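Trainee: I have the sequence and the structure open and would like to go through them with you. Could we take it slowly, one question at a time?

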Amino acid sequence: MSYIITRRSILGASAAIAAGGSAFAQSAIQTQPATAPNLPIENGATLRMLRPVRFVQPDEEVFRANCARFTQQTGVQVRVDFVGWEDITQQTAVTANTGAGPDVIIGFNEAPHIYVDKLVELNDVAEYIGTKYGGWLPLAQKYGKRHGTNNWIGLPFGASGGPLVWRKSALNQVGFQAPPDDLAQYLDLCKKLKAANKPPGFALGNAVGDGNGFANWLIWSHGGYLVDEEGKVAINSPQSIEALNYLKELYATFVPGTIAWGDISNNRAYAAQECWLTANGVSLYFALKNDPATRAIADDTEHTLLPKGKLDTSPMAGLTLNAMVFKHSRFPNASKALLSFLLETPQYDPWLQANLGYWAQPLEAYAASAVWDSDPKVRIFKDTMRSNFWIGYKGPISEASAAANADYIMVQMCASVASGQATPEQAVREAERRARRFFRR
Amino acid sequence: MSVTAAERWIRPAKQQSALVRLFDNKAFLIIACLLPAIGLLGVFLTYPLGLGVWLAFTDTTIGRRGVFVGLENFEFLFEDPIFWNAVFYSVFYTSVATVGKFALGLWLALLLNNHLPMKSLLRAIILLPWIVPTVLSAIAFWWIYDPQFSIISWVLIETGIRETNVDFINTAWPARWSLIAANIWRGIPFVAISLLAGLQTISPSLYEAAMLDGASAWQRFRYVTFPMLLPILAIVMTFSIIFTFTDFQLVYAITRGGPVNSTHLLATLAFQRGIPGGQLGEGAAIAVSMIPFLVFATLFSYFALARRKWQQGESND
């Protein structure tokens, strides 16, 4: 899909903004005084941008209207291409390697860290926006800054988390008001749910989002991690083994078949009332809420952060939108100005609201956005980026951490123990062997 | 004036004759006519294949140009149990599925070769699994094998035969067999229709002669049908082995190589490592390691099944 904004189309687009603007609630976004960086826009600048396709239709409409408004104010024409999620990594790679193509890409998670040599540093914009909007949240800082420095190479636009999704009636039936943070009590809850024939279920198959989300939670909540702060493989630890032993008991309570689950399976099982406790993004709740046939399930559904276990905070790493500007762009100032413009309240808040909670803000001030009052059950996603956990925790974000995630090292370590194919000791050694391969450089 | 004009007229005639001579040159013609074909083959076949082989000896990743690392990728794979599991399953999947496809396909072809009412319609229906795009049939099987929503499980539970869902793809061996079953279902039509074509070329007079000699139905199959079918059998089997060994879509859509990598074929493992995992060099090495297996399978079908001299009009050894 592509969309070229021309001067002629601006009139229509502005009308859309006017119409769209009135549809969104007014948020009380507090700003601090900050000086905008001086970014003289290059003569005759035009921009091309890639970003992942929308979750919901208004996402795309508002995003385009925002870009149209930028065109209106600066005269810079902006073309936005919406790319399928599975393709954007490869398209970013091609753009970076060939030094041609889009000026700006909003990619996922680690992309700016892989192509750091090909990117324009965004310190001026990041500092201005950060100061103005109460500071960048921890996950945004982690994904935005080059490892161990204060240099911004990406501008996070939001993150999507996967907390626990559960049926209030089922938990109440077995004597719980909410899922507990304590691991032993959590296991007890799952055992009781299983006994009540309302089992929990978490993906242990090759599911990029849900599988890694569960496996990371399991290891992290026991104090384990794949690599240490220096990026040295550290999965072979007593904490990991303890976590896998815990999994053996936990897995016994799951609905059968979770080792074959993909990203969509838990959504289906939950909607079919075969699974009563799982972890997922907000999409599951909205799918249930918007379908009259499953509305009752949505009314009975609650969201809670993943159990903290042995940690002080809930270990969840949201999928992060991360914008980057390429050095090959002939218009770096215009690119930076566009990103800065899109993160300002008149643009960002309507976009956040249009996304209904699918994406959570990277900046402190937007916690006050009206989107988080739109539905109390969605409010929990507000803090997705207030997290100290990222894909590849606790190491530097790199090509290796991304590859280890995409190759399901953690998921398969867990699945091999759950299925009885390997002992916890064998499984961590195998994970260590595979991870060392990725982290050898 | 007319003299000079005549001279000027002669010169182009000399040039034309040079062109004519050029086009009369056999060597030039051969090159000129072959060039487009060689160009197409070079650009779309040799170059990608060569690039793939080259990548297998580098540590290229998505996002970074690699350097030549010699056999490092292969050394790693040699000690990688996941790779060996993929080798095992690729061979197992290919052999079992090929036997299944040929047994059932030949049987179906023999049935279809009889005179049946609505013969053409039946033959068209038989082709359906082959016509449906693989991804669509793979998604259908994905639902059929779903741990929660399998139609087979549902029927068995509704009829009281079972009390729990069938485990199709949640553990290693059931998953392996389930994928083989799906592959056989998909491959039968190709084998059946190809063998049916072979059967129709066998002259009825051979059967008449055999019947006059008092041959039984089994003897007619063993000594007339089977030997006459062998040449086409060899071709069809070669194709079938290649298609099965390099299968990707069924496995990727149904299990993605799971549970815990137990159903990875070499093709799916190469893709997983190369594209989502980003390790292009290693993925290419896995793909390159398929070549010896394919060459062996092709040579086997050709020489084991198709070397009989009667094809050249001589008797068997």
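Trainee: Let me start with one residue: what does A:Ser221 touch, not counting residues up to four places away in sequence?

Mentor: Leaving out residues up to four places away in sequence, A:Ser221 touches A:Leu183, A:Pro307, A:Lys308, A:Gly309, A:Lys310, A:Leu311 and A:Pro315. Two residues are in contact if their C-beta atoms, placed from the backbone, lie within 7 Å. Please keep in mind that this is a predicted model, in which local features need pLDDT of at least 70 and side-chain atom pairs count only at pLDDT 80 or more, while totals for chains, interfaces and linings use all residues. Residues are numbered from 1 along each chain as its sequence is written, and chains are lettered from A and ligands numbered from 1 in the order in which they are written.

Trainee: Which helix is A:Ser221 in, and is A:Ser221 buried or exposed?

Mentor: A:Ser221 is found in helix H9 of chain A, which covers residues 208–221; helices (H or I, at least four residues) and strands (E, at least two) are DSSP runs, numbered from the N terminus. A:Ser221 counts as buried because 23 other C-beta atoms lie within 10 Å. The rule is that a residue is buried if 20 or more other C-beta atoms lie within 10 Å of its own, exposed if 12 or fewer, and partly exposed in between, with C-beta atoms placed from the backbone.

Trainee: And how far is A:Ser221 from A:Tyr251?

Mentor: Their C-alpha atoms are separated by 16 Å, and the two residues are 30 residues apart along the chain.

Trainee: Now the strands: what does E5 of chain A pair with?

Mentor: Strand E5 of chain A is joined by five bridges to strand E9 (residues 319–325) of chain A, and the two run antiparallel; strands pair if DSSP finds at least two bridges between them. Within this pairing, A:Ser160 stands opposite A:Leu319 in E9(A). Strand E5 spans residues 155–160 of chain A and is mostly covered, with six of its six residues buried.

Trainee: How many helices and strands does chain A have, and what is its radius of gyration?

Mentor: Chain A has 18 helices and nine strands. Its radius of gyration is 22 Å, which agrees with the value near 22 Å that a compact globule of 441 residues would have. That radius is taken over C-alpha atoms, and the globule rule is 2.2 Å times the number of residues to the power 0.38. Buried residues make up 55% of the 441 residues in chain A, and its C-alpha atoms fill a box of roughly 65 × 50 × 40 Å, taken along the principal axes.

Trainee: How many helices and strands are there in chain B?

Mentor: Chain B has 15 helices and zero strands. The radius of gyration of chain B is 28 Å, well over the 20 Å that the globule rule gives for 317 residues, so chain B is more spread out than a compact globule. Its C-alpha atoms fill a box of roughly 110 × 70 × 40 Å, taken along the principal axes, and 33% of the 317 residues of chain B count as buried.

Trainee: What are the domains of chain B?

Mentor: The assignment gives domain 1 (2–56) and domain 2 (81–312) of chain B, with bounds that come from an automatic or database domain assignment. The C-alpha centres of domain 1 of chain B and domain 2 of chain B lie 46 Å apart. Four residues of domain 1 of chain B are in contact with six residues of domain 2 of chain B.

Trainee: Where is B:Asp247, and what does B:Asp247 touch?

Mentor: B:Asp247 is found in the loop between helix H11 (217–245) and helix H12 (249–254) of chain B. Not counting residues up to four places away in sequence, B:Asp247 touches B:Asn183, B:Leu265 and B:Ala267. B:Asp247 is buried, with 25 other C-beta atoms within 10 Å, and its C-alpha atom is separated by 9.1 Å from that of B:Thr94, 153 residues apart along the chain.

Trainee: Last topic: how many residues does the contact take from chain B and from chain A?

Mentor: The contact takes 24 residues from chain B and 27 residues from chain A.
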